[in-house]
Amino acid sequence: AALNPWDVMLCVSGTAIACENALVVAIICYSPALRTPMFVLVGSLATADLLAGLGLILNFVFQYVIRSETVSLLTVGFLVASFAASVSSLLAITVDRYLSLYNALTYYSERTVLCIHTMLAGAWGVSLCLGLLPVLGWNCLHDHAACSVVRPLTKSNVTLLSASFFLIFLIMLHLYIEICKIVCRHAHQIALQQHFLTASHYVATKKGVSTLAIILGTFGASWLPFAIYCVVGDPDYPSVYTYATLLPATYNSMINPIIYAYRNQEIQRSMWVLFCGCFQAKVSFRSRSPSDV
C-alpha cells in the first residue's frame with residue numbers, strides 16, 4: 001500500500017513521544033530519591049505515554065508490513081489502553097494536587113500513599129479493560145455498518161470512550177477551579193497577616209493560576225476535538241478528518257513530559273546526574289510538592 005502522509009506523521013509523533021517519556025521513566029527509575037507519591041504519579045503518566053508512543057510506531061509498522069485483522073485489533077486495543085491510562089494518570093495527578101492543598105497537614109502520611117496506589121491500580125485496571133474490549137469482540141470487523149470513525153472500533157465503543165473522557169475533563173476542570181480558589185484564599189490570608197499583599201505574593205498567585213489554565217487548556221485543546229468528532233462523525237466522512245483530530249490528541253503525550261517532569265527541579269538535577277555522573281550543585285534545588293504548579 002502507498003504510504004499515507006498522515007500515518008507517517010503519527011509514526012513520527014509516536015517516536016518523539018516514546019523518546020521523551022523513556023527518558024522520564026529512566027530518570028525516575030535511576031534516582032532513588034524520586035520515590036514520593038508525586039513522582040510515582042509522574043512515572044505512571046510517563047509510562048502510559050511511552051506505551052502510547054510505542055503503540056503508534058507498531059501501528060505504522062503492522063499497517064504496512066503485516067496486514068492482519070488480529071494484529072490490527074491488538075494494536076488498536078494497545079493504543080486505547082495506553083491513551084486511557086495516560087488520561088487517567090492526568091486525573092490522578094490532578095486529584096493528588098488537590099489533596100496536597102486541601103489536606104496539607106495530613107498529606108505526607110501512609111494513608112496518602114495508599115490512596116495514590118489505589119488510584120493508579122484502578123486507573124490502569126480500567127484502562128486495560130477498555131483496551132481489551134475490541135480484542136474480545138467489541139469491534140466491527142464483521143459488521144461494517146457498526147463501524148465508527150476509528151476502525152475497527154464500533155460507534156458504541158468510541159461513544160463510551162468519549163463519554164469517559166468528557167467525564168474526566170469535567171472532574172479535572174472542577175478540581176482545578178477548587179485549586180485556584182484555595183491558592184487565592186491562601187494568598188488573601190497571607191495578605192491579612194502581613195496587612196498587605198506584596199508584589200511577590202501577587203506574582204506567585206497569578207503564575208500558579210496561569211499554569212493551571214495552561215495545563216487544563218493544553219489537555220482540552222489536544223483531546224476535545226477528537227472526542228467530539230468521535231461522537232458526531234460518520235464513518236463515511238473522509239478519513240482526513242479523523243487524522244486531523246487524532247494527531248493533535250497525540251501531541252498531549254508529547255507535551256506531558258515538559259509540563260509534569262522536565263519543569264521539576266529535582267528531575268532536572270537527576271538528569272544531570274544521569275548524563276554526567278559528576279554533578280556539582282552550583283544552584284540550590286528546592287524540593288517541590290504537588291501543589292507547586
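The N-terminal end of helix α1 is capped by N4, with a side-chain oxygen of N4 lying 2.9 Å from the backbone nitrogen of W6. Keep in mind that this is a predicted model.

**Helix α1**
- Helix α1 covers residues 5-30, which makes 26 residues.
- At 1.5 Å a residue α1 should span 38 Å, and its end C-alpha atoms are 37 Å apart, so the two values agree.

**G14, a glycine within α1**
- G14 is found in helix α1, and it counts as buried because its relative accessibility is 0%, where buried means under 20%.
- Beyond its neighbours within four places in sequence, G14 is in contact with G53, L56 and I57.
- The C-alpha atoms of G14 and L54 are 6.3 Å apart in space, although 40 residues separate this pair in sequence.

**A cis peptide bond**
- The peptide bond from R151 to P152 is cis, and its omega is near 5°.
- P152 sits in the loop between α4 (110-135) and α5 (155-194).

**Spans listed by UniProt**
- An unreviewed UniProt entry lists residues 6-31, 38-66, 72-93, 114-138, 158-177, 209-228 and 240-262 under "transmembrane region".
- In the model, residues 114-138 are 88% helix and 0% strand, with end C-alpha atoms 34 Å apart.
- Residues 158-177 are 100% helix and 0% strand, and the end C-alpha atoms of this span lie 28 Å apart.

Note on methods: Residues are numbered from 1 along each chain as its sequence is written. This is a predicted model: local features need pLDDT of at least 70, side-chain atom pairs count only at pLDDT 80 or more; totals for chains, interfaces and linings use all residues. Side-chain values use heavy atoms; hydrogens and water are left out. Helices (H or I, at least four residues) and strands (E, at least two) are DSSP runs, numbered from the N terminus. The expected span of a helix is 1.5 Å times one less than its number of residues. A polar contact is a pair of N or O atoms within 3.5 Å; within protein, one must be able to donate a hydrogen and the other to accept it, and residues adjacent in sequence count only if both atoms are side-chain atoms. UniProt positions are given in the numbering used here, feature names are shortened, and annotations may be inferred rather than shown by experiment. Buried means under 20% relative accessible area, exposed over 50%, partly exposed in between (1.4 Å probe, protein chains only). Contact means heavy atoms within 4.5 Å.
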